[in-house]
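I open this notebook to record what I looked up, entry by entry.

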Amino acid sequence: MELPPNLFKAAVARGGPQYGIWAGFGTGYAAELGASAGYDWMVIDGEHAPNTVPSILAQLQAVAPYATAPVVRPVNGDPALIKQLLDVGAQTLMVPMVETAEQAHALVRAMRYSPHGIRGVGGGLVRASRWGDVADYMARAHEELCLIVQVETQLGVENVEAIAAVEGVDAVFVGPMDLSAALGYPGETSHPEVQRHIEHAIQATLAANKACGILAPLEADARRYAALGCHFIAVALDVILLRQAAVDTLARYRNDVEPSEPPAGY
Ligand SMILES: O=C(O)C(=O)C[C@H](O)[C@@H](O)CO
């Protein structure tokens, strides 16, 4: 068979904004439900959601029949974990807490086979090559892989020009929550200082001709980031949607329950 195309990479190259949902339940069942809603892309979160390589595989399989493109976020940039995630068929990885061009370059090498990198060879043992059915998998895998690096610390923002310029980095994703904490305003993503850093990271990424993404569950934020040129914006988190709907439904029947406020943090 042909190498499966990376829907996310193609969509972001066509332009934006692409609207995404954050999958935080760690199950294929919930991920499939989110995909059935028609979002353009979905983060399968291995950093803060209760996920393992097998649970991520189950979610990749669950969303495969849908047009929603999966983006897998590993807990960190460990090359051994990257190898496992690529082998189970993740094509787009979003690695948190990238702070230097050297780290970004190491991630590119972790995703590529020798002589361009250090990815171990799974050959016919892995889903990525459809158990060997994709005959040219090793020669062409890099064409359909996509690396998103998360910039979400002060040092990361200081180095964003150099990070975005690294060959093989396809996109930068700004993490507003971590950045707010790193700058000393935990959870205050609207603080002027946090916003100044966010806008600088977006502009530097776009100036490097790389795609830029961000998390923005509040509509006004999402629209502002779209106007700034972000290519992909996560506008919903499934866990938060369920929690809000659960509280609001109960509040309609019980006087001791207040309807939910927009989340202070996300
Ligand atoms: O810093 C951020 O914002 C992110 O990276 C997203 C967070 O991990 C989390 O708030 C998602 O719920």
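Which pocket does the space taken by the ligand form? I found that this space is the second largest pocket. A pocket here is an open set of points on a 1 Å grid over the protein atoms alone, with protein on both sides within 12 Å along at least five of seven lines. A molecule sits in a pocket if more than half of its atoms lie within 2 Å of the grid points.

I noted that this is a predicted model, in which local features need pLDDT of at least 70, side-chain atom pairs count only at pLDDT 80 or more, and totals for chains, interfaces and linings use all residues. Residues are numbered from 1 along each chain as its sequence is written, and side-chain values use heavy atoms, with hydrogens and water left out.

I then listed the surroundings of the ligand, which include His48, Arg73, Glu152 and Tyr266; a residue is near if one of its heavy atoms lies within 4 Å.

I looked up polar contacts (pairs of N or O atoms within 3.5 Å). An oxygen atom of the ligand is 2.9 Å from a side-chain N or O atom of Gln150. A backbone N or O atom of Asp178 is 2.7 Å from a ligand oxygen atom.

A cis peptide bond, with omega about -5 degrees, joins Gly16 and Pro17. Another cis bond runs from Ser114 to Pro115, with omega near 10 degrees. Trp131 has a positive phi near 55 degrees, although Trp131 is not glycine.

Key:
Polar contact = N/O pair within 3.5 Å; in protein donor to acceptor, adjacent residues only side chain to side chain. 1 Å grid on protein atoms, 1.4 Å probe; cavity = no way out; pocket = protein on both sides within 12 Å on 5 of 7 lines; lining within 4 Å.
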